[in-house]
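Please open the structure in your viewer and follow the stops below in order.

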Amino acid sequence: MKALRRFARRLVASALGHRDDDRVREELTEHLALLTDEYVRAGVPLEEARRRARLKVGAIDATTEAHRDEQRLRWLEDLGSDLRYGLRTLRRTPGFTVIAIVTLALGIGANTAVFSLLNSLVLRPLPVRDPDRLALIANGAWSYPLWEQIKARENELFDGALAWSAQRFDLSEGGLAAPVDGAYVSGRFFDVLGVSAERGRTLTPADDSASAPDGPVAVISHRYWRAHFGGAEDVIGRRITVQRVPFTVIGVMPAAFFGVDVGQTTDVMMPIAAAPIIQGSDGVLRDADSWWLEILVRLKPRQDLAQATNALRGVEPQIQAALVTRRVMDPLTLVPAAAGKSDLRTTFETPLVAMVVAVGLVLLVACANVAGLAFERAVARRHELGVRLALGGSRARLARLVFSESLIVAVTGAMLGLAFAVWSSALLVQRLNTWRNTISLDLGIDWRVLTFTTMLACVSAVVAGLAPVLGVKRVAPSEALRNAGRTITGDRRFIVRGTLVVAQIAVSLVLVTAAGLFLRTFASLNQLPLGFAPAPLLLAELDLRRTPSEARGPLVERLRDAVTTIPGVNAVAVSTVQPLTGGGWGDRQVVIGDGPMGRYDRSRPILWMNATTPGWFRTMGMAMKKGRDFETGDRVGGVPVAIVNEAFVRQYLSGHDAIGQTVRLGFDAQTRREIIGVVSDAVYTSPRDGMTATMYVPMAQQVPDGLSVAVLTLDVARSQHATAERDIAAALLRVDPAVEFTFRTFDQLVDATVTQERLVAMLSGFFGAFALLLASIGLYGIVAQAVRARRAEIGLRMALGAQPAGIMRLVFHRIGVLIAVGLAIGLGISLWAARFVAPLLFHVEARDPATFITAAATLVAVGALAVWVPARRAARLDPATVLREG
Amino acid sequence: MPMAKRDVHQGTLALMVLKTLDVLGPLHGYGIARRIEQISGDLLAVNQGTLYPVLLKLEHEDAIASDWGTSDNNRRARFYRLTAAGRRRLRTETQEWAQTTALMDRFITVKAEDLA
C-alpha cells in the first residue's frame, strides 16, 4: 500500500512537472551556512571555514539531482525524452519508418480483424442482464408441448425460461420475396433476458396467447426500424406484413440488441402464438414431434449448471409422460449460453482458431522483417552509440533508446492496424453471407479487442526491438570512436539477420503449406460430383403457406403450366425439397417389406425424401437406372409408389433388386409404398455428405398438408437466366397475384455449402502470400546488405579475374544455406502441425506430399528471385570503380 | 593520522534520524546531522548528500513531518519532527535492530568449546 502511495505521489510529481528542487537547494545552502558558522566559532578563518564546509556538504547540484531522483519517476521522464528522440530519428529516415509501420500495421491489423471476428462470434457475452446465468437446453430443438411443460415449471426450476425459433420471414407485400431474419419468441423472452424496448414496449405473456388483447403484434430491431421505417418517430402502431399477415409494431429494441442468435440480427420478433396465424394451422403448436423451438433458461442466483441440470432431469419423467410423442428423450442437459447460441459459431469456431494461429505467425514474420531493418539501423548507428557510451551512457539506457524506436513503430502500427481491422473484419463478415444467411456480427471494438491489440503491439515491439538491442550490447566505445571507414563485416551481423531470415522462411513455409492444404480442400469440395447437371437449372421456390392446404396442389399445377410455355424454358418440373440446403425431409424409421417398425432411434441414418412431378429426374439430368419415372396416373387413390436411388439400394436392400419391394416409414406407418424405379445418385444435403440414400414419391400422392413449399426446377440456358426470370415472375403473378417466390441457381446453393472452406482457403491463401512477400523482402534485405558490405571484396575478386557467374554463385551459396535451413525447420513444424489442421481438410491428406513439395518449391522460387536481384547487381559491379572508391 | 571516520551503513541512517528526533524533539537537517555525529563520538560522518534524500524518503513515508521555523541564530530553517507513525516505526525497528545485534554478538563471540 505504502509503495503504491509513494508511486502515485511520484507519478503526480512527474506529471505535473512540480519541482521542489528549490527547497533542497535552500536547505543545503542553510546547512552550509550553519557549518561555516561553526567552523568560524571554532577559530577557523572565514575563507578556510567556507572551504571546509563546502567540502563536507559536497556538490549542491549533485545532491539536488539525487533528491530529484528520489522524488520523481526518473524512468518515466527518461522514457519521455527517449520517445522524443526516437521520433526525431524516425523522422530522419522516412523510408524505413513507413515500411516498418505499414508492415506492422498489416500484421497487427490482420490479427485484430481475425480476433475481433472470434471475439464477436465466440467470446462476447450477450448484451443482456447477467448473461452468465443463461443456459441452453443442449443439442437440438424442442417441440411446443415440451416447451409448455418447461414453461409451467420455469420459476420452480429456474429464474425463468424462454423459447424462440429463428425463422426467415417474407416481409414483402407480394411477388418477389423480401426475406428478413426474424423469430417467434415466448411471451417472457425479453423479460427473462432482462432487456427493454428503446421505444414502445416488448412482448408480454398476454401477447403470447390465443387471446392476445392487441391482436398480432411484433417487436422490431433498431436496424430494421432505421432501414425500413427510416427511424420514424411514429413507428409504434404502424403495420408490417409478415408472410402477408399484418402485424402491429409495438416496440423497437435498442441498437445493441440483436437477439440471442449470434451471427444474425433478429429484425422482427413475434410471439410464438402468432405461428398458427402465419402458418394457417395450429398443428405446429399441438404436434409433439415438431421440433422447432430452442430453449434458454436463467439460472437462479448461486444455482450452478450441474444443479440446474439435475433439477431439470428430476422432472423429465413427468414431462415425457405428458407428451404424446414417438421420440424418447435423451436426458436433458444444460450448457452455458452467456454468449448466446450460434450455428455460425459451430461452423466457424475451429477454422477461426486456426486462422488466429496462422495470422499470428504472419505477425511473427512481419516482426522479423522489422527487426532485421531495425538491426541494420542500430549497426549503422554504432558510431553515435559508441560516443554515447564513451560519454557515460549506461548500456541499459542505450538499449532503451534503441528500443523506444521499435515501440513507436509498433504503437503507430497498432493504431493503423486497428483501423485496418475494422475495415477488413467487416469485409470478412460480408464474405460469409450466402443466399440463406445474412450474417451480421457486432464487430465493435471492445476491451477484449483493445487488450489484444495492445498486447500485440507490445509483443511486436519486443520481438522487433530485441535484435537491435542485442546489436547495441556488442558496441564497444573504443570500436565506435575509431574512424569507421572501411570495415570488415563481422559474421556476427550476418548471424543475427540470418537467424531472422531462417525464422521467416520456416514460418512462411508453414503458412504456405497450410494455404496449399486449404486451397486443395476447397478445390476438392468444388469438384465433388453432384449427380445432376446444375448449370442450366434455375430454381423458383414458391411459398405456399398462405394458400389453404387443399388448394396448394392445384395452384402448383397451374403455376407450372403457366411457365412451361415461356420461350427459353426447355423443361419444368416440381419438387417439394430443394437439394443442397443442408437439410430437407426425411425419416430414420425405415422398414422394408413386413418387418416391425421398432422405436425411433436418433443414431440411425436419415433416409432423405423428396416429392416430385413426372419429368423431374430428366430435368435435373439424372438417369433412370431401372423401372419407370412417375406418371400422371400416380395420384391419390392409386397404389402408393416410390422411386429410390442407388445408395438406397446399397444401404437398405444390400444391393438386391429394388423393384416391387415395399417401404414403410415411421411418420406415415400405414402407407406401404411400392418401389417402381431406381434412379442415379444425386447429392441431397451437401456435396460434403456425398450420395445419401434418398427416396422420391410422386407429388400427386403427397399429403397436401405437408406441401408448404414447392420448387419449380426450370431448364433454362444460363445466358437466358435474366430474361427468363423476368418472364417467369410475370407469368406467376398473372396466375396468382399473391404468389410468393424466390429465384435461385445451383451455383448459389453449392457456394453456400462451402462458405467455411472458401473463407479458410481465402484467408490462409492471403496470409501465406503475405508471409511469402515479407520473407522475400527480408531475404532481399539481407542479401542487398551483404553485397553492399562486401563490395570491396567482390570488386577485388573481379579484378583478380572472377567471372560474374562466380560472384552470383558466391552469393547464392551463402544464402542457399539459410533457405535450406529455413525450409528444413519449416518442414518439421508443418509435419508436426499437420494433425491440427486435419479436421479442417477434406479429401486431402494432412501430410499430402504434393502440397508440401509445391509449397517448398514456391518458397525456393520466390527466395531465389529475391536473392537474384541483388546478386545480379553484385555481379555487375565495375571492379575499377569499386577499387578506386576504397 | 586520525582514525578514519566511518560512513553510515545504508538503512541505519533512517533509524538514527528517527531516534535523534525522538530524543531531541524537532530539529533542522543540520542539527540532525550534527547530533548523529556527536552521539557517535564523531566516529560517523554524515554525508549531507545521503541525509537529505533520507529525510525526504521518511517524510514521504509519513514517518516524519516538516515545517518552516527559525533556528537558534535566527535563520529560516526547515524543522523535522516525528509523527505517530514514525514513533511506531522507531519502536519496531529498534526491536529488530536489537535482535539482529544480539544475534550477531552471539555469532562473533562464539568459541569452539561452546559448540562442543
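This is a predicted model: local features need pLDDT of at least 70, side-chain atom pairs count only at pLDDT 80 or more; totals for chains, interfaces and linings use all residues.

How many salt bridges does the structure hold over all chains? The structure holds 43 of them over all chains, a salt bridge being a side-chain nitrogen of Lys or Arg within 4 Å of a carboxyl oxygen of Asp or Glu.

Residues are numbered from 1 along each chain as its sequence is written, chains are lettered from A and ligands numbered from 1 in the order in which they are written, and side-chain values use heavy atoms, with hydrogens and water left out.

Select A:Lys341 and A:Glu294, whose side chains form a salt bridge at 2.9 Å, N to O. A:Lys341 is buried, at 12% relative accessibility, and A:Glu294 is buried too, at 15%, where buried means under 20% relative accessible area, exposed over 50% and partly exposed in between (1.4 Å probe, protein chains only).

Now move to chain B and select B:Arg81 and B:Asp67, which meet through their side chains in a salt bridge of 3.2 Å, N to O. B:Arg81 is partly exposed, with a relative accessible area of 35%, and B:Asp67 is likewise partly exposed, with 39%.

Finish with B:Glu37 and B:Arg34, whose side chains meet in a salt bridge at 2.7 Å, N to O, and which are both buried.
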